[in-house]
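Please read this briefing alongside the sequence and the model shown below. It takes up salt bridges, then the overall fold, then the pocket and the surface.

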Amino acid sequence: VSPTTVRVSLNDVDVHNSTLPNHPFDTRGALSYLRGGKGAYGYLLHATVEGELLQRVLADAREGVVRLRCGVPPDALYPGGLTVYGSSSGRYPLPPTILIA
């Protein structure tokens with residue numbers, strides 16, 4: 001068991017920080033098994049950006065582009081590492097997604 005700190009940012013504005021407890025492996029990672037992996041499946045993260053935080057994200061949008069960045073901060077309490085799964089691996093068959101409503 002090795003936790004890791006994860007930071008998600010939009011246009012270089014932090015919108016989500018949390019600690020993932022481990023990097024799980026088992027049959028829930030069926031998509032990874034099908035692609036030759038070891039059954040790692042990870043966690044699905046959600047973040048809601050609204051109000052002042054949304055205004056900060058939009059203020060840094062250049063030409064209507066929103067940049068998503070996921071990573072482990074250099075000063076993380078738990079610097080375990082991070083894997084971002086796409087639509088053909090992990091537990092959830094979807095790529096990193098931003099919904100704008």
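A salt bridge is counted here where a side-chain nitrogen of Lys or Arg lies within 4 Å of a carboxyl oxygen of Asp or Glu. By that criterion the side chains of Arg69 and Asp12 meet in a salt bridge, with 3.7 Å from N to O. The pair links distant parts of the chain, since Arg69 belongs to strand 3 while Asp12 sits in the loop between strand 1 and strand 2, 57 residues apart. This is a predicted model, in which local features need pLDDT of at least 70 and side-chain atom pairs count only at pLDDT 80 or more, whereas totals for chains, interfaces and linings use all residues. Residues are numbered from 1 along each chain as its sequence is written, and side-chain values use heavy atoms, with hydrogens and water left out.

**Salt bridges**
- The structure holds 3 salt bridges, and Asp12, Arg67 and Arg69 are linked in a network of them.
- Arg67 also forms a salt bridge with Asp12, the closest N and O atoms being 3.4 Å apart.
- Asp14 and Arg7 meet through their side chains in a salt bridge of 3.4 Å, N to O.
- With buried meaning under 20% relative accessible area, exposed over 50% and partly exposed in between (1.4 Å probe, protein chains only), Arg69 counts as exposed at 54%, whereas Arg67 is partly exposed at 30%.

**Overall fold**
- The protein chain has 2 helices and 3 strands, taken as DSSP runs numbered from the N terminus (helices H or I, at least four residues; strands E, at least two).
- From the N terminus on, these elements run β-β-α-α-β.
- Buried residues make up 24% of the 101 residues in the protein chain.

**Largest pocket**
- A pocket is an open set of points on a 1 Å grid over the protein atoms alone, where a 1.4 Å probe fits, with protein on both sides within 12 Å along at least five of seven lines, and its lining residues have an atom within 4 Å of a point.
- The largest pocket holds about 1300 Å³ of space, the volume being that filled by probe spheres set on grid points joined across faces, edges and corners.
- Its lining comprises 46 residues, of which Val8, Leu45, His46, Ala47 and Thr97 lie nearest the centre.
- Strand 1 gives the most to the lining of the largest pocket, with 4 residues.

**Segment after strand 3**
- Ile98 lies in the segment after strand 3, and at 39% relative accessibility Ile98 counts as partly exposed.
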